Amino acid sequence: MTTTDSGEFPEVRTRIPARLDRLPWSPWHWRIIIGLGTVWILDGLEVTIVGNIVVRLAEEGSGIKITTAQVTTTAAALYVAGACVGALVFGRLTDLFGRKKLFLITLAVYLAATAATAFSGSAWFFFLCRFVTGLGIGGEYAAINSAIDELIPSRLRGRIDLIINGTFWAGAALGALASVLLLNTDLFPENVGWRLAFGLGVVLGVVILLVRRHVPESPRWLMVHGREEEADRIVTAVEQKVHDETGTALPVPEEEITVRQRGSIGFLEIIRTVFSQYRKRAILGLSLFIGQAFLYNSITFGYAVILEKFFGVGTGSAAYYFAVICVGNLLGPLILGHFFDSVGRVPMIAGTYILSGVLLFGTAMLFQNGVLTATTMTVCWCVVLFFASAGASSAYLTVSEVFPLETRAMCISFFYAVGTALGGITGPILFNGLVSSGKPSDTTLAFCIGAALMVGAGIVEAFLGVKSERKSLESIAQPLSAVR
């Protein structure tokens, strides 16, 4: 690493990105995944537990005065609003002050709010806790995706990102099954079981926080913020640790990059960069997020209502069906993830989006014709979501790697907020009316809307997708501070 003093902001010539990308896979990388990536399990656990305890919260003797409608509308909307606000606010702070500070703060916010939720005794306090919990989870998406992509070797970035994002469904399955146990009044009183359900998230979050304390700051972020010596020390220590753990001689890094260190990037410059210089990539990101948001709401939002209204499945049994659906979602990224690095981003992203949309169209046709049972409907959903989950996870991968380093967290935040707002607010309003009507044709229409948007997003990927597999982040989108 060499530094040239050429005024207020010096130029730094460095091989830090290449040094990180050429590292062999090691236990050190596993610790990064455990410390950062497991937060998606928390998100899945959180969302599913609230969905499954709705009825218990509204019951006499639950210890909180709240109605089912308040939980499913006001509390749900506040959680989504918190996630959107948290993503945007913490995303901006992540680009300004670094990945590590923010992924510690956002997890602490989540832990405090979730713990407080377990002690709720009134509706207003429950609403407040849900909003603050959303703030923490939304902030996590920006800080964590940025840090992971900047620490994981480029040749493995696709599959690792997909698998990590897919673990949301492991948390969802855990939440569904745990709710069945914790809401059993033979085991726990009515005013205790639902509180313990929130305690699960706190316990898991504390474990993650303890591991996360040892995750380093992103050397890529440090090198453009005047802390190149600290970045070099971190990478040197990582290289030594990886060498000791694997016994592999590290190849000499070849690619160099020269950056002019600078102050913080203004918000207007971020907007101009994303929507002017990278306009096509912005359209791509919006398409992918909107498509997956509506597809998931067309299935998961009303799955319990569909099973009950059309197949006579009781609410107590719906959690088991949902756990099966979660397995389908989890297997998609696990099995298909490595193809996003080997076959390539564009064919895999376009293929998973279009195929899941086509399969959902087929499911809608079978449902409309009345040939499905609760079991076969769940099988159809599993097949659709096997491909859709890999596609949806690749949306996060795409927006985290196709924009410049200085804007990365903010871009993740923006597209996440748009997708969450559409999926968590517009989607439920639309699909609740269609699914709850009890008319097969209305539910079919809900499926078709989600399917059409998914196919449309896949077509956009086919034309505007970026071939970013096995490439360094800096070659996909040069840092704004790069000296050309």
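Biologist: How many disulfides does the count come to here?

Modeller: The model is predicted. A disulfide needs a pair of cysteine sulfur atoms within 2.5 Å. By that rule the count is zero. Take Cys129, which is in no disulfide. Its nearest cysteine sulfur belongs to Cys84, and that is 19 Å away. Cys411 is in no disulfide either. For Cys411 the nearest cysteine sulfur is again that of Cys84, 16 Å away.

Biologist: Is Cys129 buried or exposed? And how does Cys411 count, buried or exposed?

Modeller: Buried means under 20% relative accessible area. Cys129 has 4%, so it is buried. Cys411 has 3% relative accessibility, so it also counts as buried.

Biologist: Next, helices. How do I read a packed pair?

Modeller: Two packed helices are described by two values: the angle between their axes and the distance between those axes.

Biologist: At what angle do helix H18 and helix H21 pack, and how far apart are their axes?

Modeller: H18 spans residues 345-368 and H21 spans residues 440-464. They pack at about 165 degrees, with axes 8 Å apart. Angles over 145 degrees count as roughly antiparallel, so H18 is roughly antiparallel to H21. The crossing of H18 past H21 is left-handed.

Biologist: Which residue classes make up the contact of H18 with H21?

Modeller: There are 20 nonpolar residues, eight polar ones and two charged ones.

Biologist: Where do the axes of H5 and H7 stand, in distance and angle?

Modeller: Helix H5 covers residues 68-97. Its axis and that of H7 come within 6 Å and cross at roughly 35 degrees. H5 passes H7 in a right-handed crossing. The contact of H5 with H7 divides into 16 nonpolar residues, ten polar and one charged.

Biologist: Now a helix and its surroundings. Which residues of helix H2 are buried?

Modeller: H2 runs over residues 27-37. Its buried residues are Trp28, His29, Ile32, Ile33, Gly35, Leu36 and Gly37.

Biologist: Which helices do the buried residues of H2 pack against?

Modeller: They pack against helix H3 (39-52), helix H6 (99-117), helix H7 (123-151), helix H8 (157-166), helix H10 (193-212) and helix H12 (228-246).

Biologist: Last, the backbone. What is the phi of Arg470 near?

Modeller: Phi of Arg470 is near 60 degrees. That is a positive value in a residue other than glycine.

Biologist: Where does Arg470 lie?

Modeller: Arg470 lies in the loop between H21 and helix H22 (473-476). Its relative accessible area is 47%. Buried is under 20% and exposed is over 50%, so Arg470 is partly exposed.

Conventions
Residues are numbered from 1 along each chain as its sequence is written. This is a predicted model: local features need pLDDT of at least 70, side-chain atom pairs count only at pLDDT 80 or more; totals for chains, interfaces and linings use all residues. Side-chain values use heavy atoms; hydrogens and water are left out. Buried means under 20% relative accessible area, exposed over 50%, partly exposed in between (1.4 Å probe, protein chains only). Helices (H or I, at least four residues) and strands (E, at least two) are DSSP runs, numbered from the N terminus. Contact means heavy atoms within 4.5 Å. Axes are lines fitted to C-alpha atoms, for helices over the stretch in contact, and angles run from 0 to 180 degrees between N-to-C directions. Angles under 35 degrees count as roughly parallel, over 145 as roughly antiparallel, 65 to 115 as roughly perpendicular and the rest as oblique. A crossing is left-handed if the near helix is turned anticlockwise from the far one by less than a right angle, and right-handed if clockwise. Ala, Val, Leu, Ile, Met, Phe, Trp, Tyr, Cys and Pro count as nonpolar, Asp, Glu, Lys and Arg as charged, and the others, Gly among them, as polar.
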